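Colleague: I am new to this one. Could you walk me through it?

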Amino acid sequence: MRRTPAACCTILVAALSAACATSGQKQTQQADQNAPMTLSFWSTGGDDETATFQKAADLYHQKHPNVTVKVQTLSWDDAYAKLLAAATSRTGPDILSGGMTWTIQFGARGAMVDLREHGIDALKGQAQPAQWESAVSPDGSVYGVPLDMSTMTLYYRTDLLKEAGLDGPPTTWQELVDDIGKLKAAGVKKPYSQDWGNLDWIGYFNYLYQAGGAFYTPDCKPSLNTPQAERALTYWVDLYRKHGAPTATVEGSDALDTGTAMVVAGNWIAKGIDANKPKLKGKWAMAALPAGPAGPTTFIGGRAIGVTSYSKYARTGADFVRFMYSDEAIAAVADEARKRNISYIPPRPDKIVGGSTFTPEQAQVFAQAISTGKAAPGCPGWDESASDVAKQLQSAILGKSDVRTALTEAAKVMQRNAG
Amino acid sequence: MAGPLPLGSRLRRYGTSYAMLLPFLALFAAFLLWPLANSLYLSFTRFDGVNPAVFTGLENFAELAGDARFRHALGNTALYVVASVVLSTLLSLGLALAFNSASWPHRIMRTLFFLPSVTSSIALMLMWKWVLFPSEVGLANTVVHWLGGAGVPWLATPGLTVPILVLMSVWGGMGYGMVLYVAGLGSIPEEYYEAARIDGASTWQQFRHITLPLLRPVTTYVVVTGLIGAFQVFEAVYIVFRGTNNIGGVLDSALMIVPYLYDQGFTHFKLGYASAIAWVLFLIIFVLSLVNLRVGRAMKEL
């Protein structure tokens with residue numbers, strides 16, 4: 001019996017330590033910004049990415065010999081919980097990077113510095129407008145700015161398309177379903193699948209915006225109850241139910257390798273396909289996603305970077321964040337990323353071709369996708385609603401409810417959480 | 001008969017022992033009692049982890065009562081607990097009966113079945129994820145393809161998620177129960193069986209009237225600890241079924257109480273609410289364990 005309270009206690013220990021550590025104090029007293037200092041930067045991602053950002057940090061040290069920035073890796077799996085524990089105890093990093101809306105979440109609770117105080121909003125003109133908008137809080141506070149970009153494209157097997165008599169990838173919704181039919185007729189068993197965001201709101205995002213819809217209106221009113229949203233979901237559901245897209249998520253390069261002709265996947269798989277699937281070399285290519293009735297909008301994600309409110313070096317931290325947008329920092333990160341053969345798209349659209357780690361042809365595709373990009377909604381209540389919205393989309397795909405009911409239910413949840 | 005010693009004498013006699021207990025008592029108080037008391041307090045507050053907690057009385061518990069996702073998690077957990085505890089107890093007993101002797105083949109078999117219990121659960125769950133991977137990449141679908149079947153979206157089929165979780169739990173836990181049952185079987189005197197055989201009892205009668213009743217303490221232990229463990233299932237859901245934005249898998253079909261607690265506390269900043277969930281979970285396990293022990297005792301008296 002003694003195990004029961006012990007086990008409950010283990011689960012709760014973080015919450016409990018929080019109780020004693022919370023001080024309610026929002027801004028930490030600043031240290032002398034001219035004395036030697038070491039800033040800690042927790043970077044969400046892999047060790048390779050840490051190494052690339054460390055290159056920029058080393059460059060910053062060369063220019064500011066009294067400042068050392070140490071970059072440490074936080075894995076995606078537990079980064080959020082670790083950052084929450086850090087915010088709670090106010091003893092974490094000076095600078096952090098993570099999911100695009102994380103800094104908004106932490107900032108709203110007083111754990112991040114509003115970077116407007118340090119003039120960072122001047123970077124706005126350099127960033128991708130939709131991504132910037134997604135990083136900014138609904139009240140206008142800038143608790144984080146984009147650190148890099150990610151987007152989605154259509155990866156396709158050139159050999160399989162050729163066998164089916166297709167000259168190139170589909171460029172519209174209609175062409176996509178026509179091509180799926182032709183591929184099936186040519187004996188391709190798996191014409192189409194979706195890697196990232198399969199059965200999830202991210203997957204639906206592209207179709208929604210391509211149909212002219214949106215999750216929220218510009219003034220943050222939930223807007224899934226629209227004909228555009230219905231048209232998008234009907235099309236997306238048909239891809240599964242009529243055209244055989246698999247409900248199980250298969251990683252993009254595995255899907256291509258096992259005979260899937262077209263896969264919607266993130267930019268991060270592009271660097272690894274030739275290395276990990278040598279048999280695919282010369283047999284695959286990328287294109288922007290097929291455009292819907294309202295155009296070719298594509299999801300843009302990425303990481304946000306910000307400065308914690310408990311940092312003793314907030315001003316220097318903010319200066320380092322600004323430095324990450326400089327030509328030289330972007331070049332340093334891109335060089336190291338190229339050496340490590342990992343994906344990197346800088347937060348500045350003008351640097352995608354030349355400043356990313358992709359071939360010029362690939363970079364062109366990403367630049368094209370990003371130029372039409374929209375990012376996750378930064379509206380109040382979205383984070384609480386996302387999993388319920390995904391559940392409603394899944395119920396439509398799995399035939400448990402019709403499209404209109406699913407969207408109505410999703411809109412209700414969003415309305416409730418919008419406060 | 002001598003009465004209890006006065007405090008002074010007791011301290012003189014046992015003072016050193018009490019002093020040696022102090023480090024443990026300090027750790028016990030700091031890392032168990034104090035956190036427990038605090039979690040109970042937090043369950044009556046709205047606390048986002050960063051700002052000071054705001055006392056809200058029973059608000060969290062009232063919200064829980066109307067929370068459809070919590071009820072769904074509770075239903076899934078109940079189904080999972082019953083299936084995994086019953087199956088793993090029965091299979092543990094079956095394995096113990098099958099590999100009960102001190103012979104080498106039996107020892108090897110016992111070791112093989114026990115291995116998952118001492119392997120890192122994270123590694124095991126990653127292995128299961130690989131086995132159940134969709135397309136031809138996963139082992140399960142590779143076998144299905146060899147047999148001429150079409151690939152099954154194991155992790156994206158809502159009706160399969162709880163059975164898969166039960167399978168993973170039973171596979172990983174039955175070796176531990178088996179070892180306990182083997183020890184229990186070893187403690188039953190052989191004379192009982194000899195006497196029964198002389199009286200003409202069949203193998204089934206010996207099992208029914210000697211083995212099972214004498215294994216009751218082991219069964220109670222296996223069931224109660226299995227129950228506690230099953231209610232707290234976390235890694236399996238978190239590692240195998242978590243989606244990009246959803247911890248409970250497709251349609252929340254794999255959502256269990258502890259992953260839901262984690263989701264509320266550590267991705268939605270609702271630490272007061274998460275504490276309330278933890279206390280409800282504690283009460284459920286506490287009551288069920290009490291019932292189990294009572295039933296065990298009542299059966300002993302029959």
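**The disulfide and a helix pair**

Modeller: Cys220(A) and Cys379(A) form a disulfide, with 2.1 Å between their sulfur atoms; the term stands for a pair of cysteine sulfur atoms within 2.5 Å. This is a predicted model: local features need pLDDT of at least 70, side-chain atom pairs count only at pLDDT 80 or more, and totals for chains, interfaces and linings use all residues. Residues are numbered from 1 along each chain as its sequence is written, and side-chain values use heavy atoms, without hydrogens and water.

Colleague: How many residues apart in sequence are the parts that Cys220(A) and Cys379(A) tie together?

Modeller: Cys220(A) sits in the loop between α8 (201–210) and α9 (227–241) of chain A. Cys379(A) sits in the loop between β11 (374–375) and α16 of chain A. So the pair ties together parts whose separation in sequence is 159 residues.

Colleague: Is Cys379(A) buried or exposed?

Modeller: Buried means under 20% relative accessible area, exposed over 50%, partly exposed in between (1.4 Å probe, protein chains only). Cys379(A) has a relative accessible area of 11%. Therefore Cys379(A) is buried.

Colleague: Are α16(A) and α17(A) roughly parallel or antiparallel?

Modeller: Helix α16 (residues 382–397) of chain A packs against helix α17 (residues 403–418) of chain A at about 170°, their axes 9 Å apart. Angles under 35 degrees count as roughly parallel, over 145 as roughly antiparallel, 65 to 115 as roughly perpendicular and the rest as oblique. So α16(A) and α17(A) are roughly antiparallel.

Definitions and conventions
Chains lettered and ligands numbered in written order. Axes fitted to C-alpha atoms, helices over the stretch in contact; angles between N-to-C directions. Helix = DSSP H or I, 4+ residues; strand = E, 2+ residues; numbered from the N terminus.
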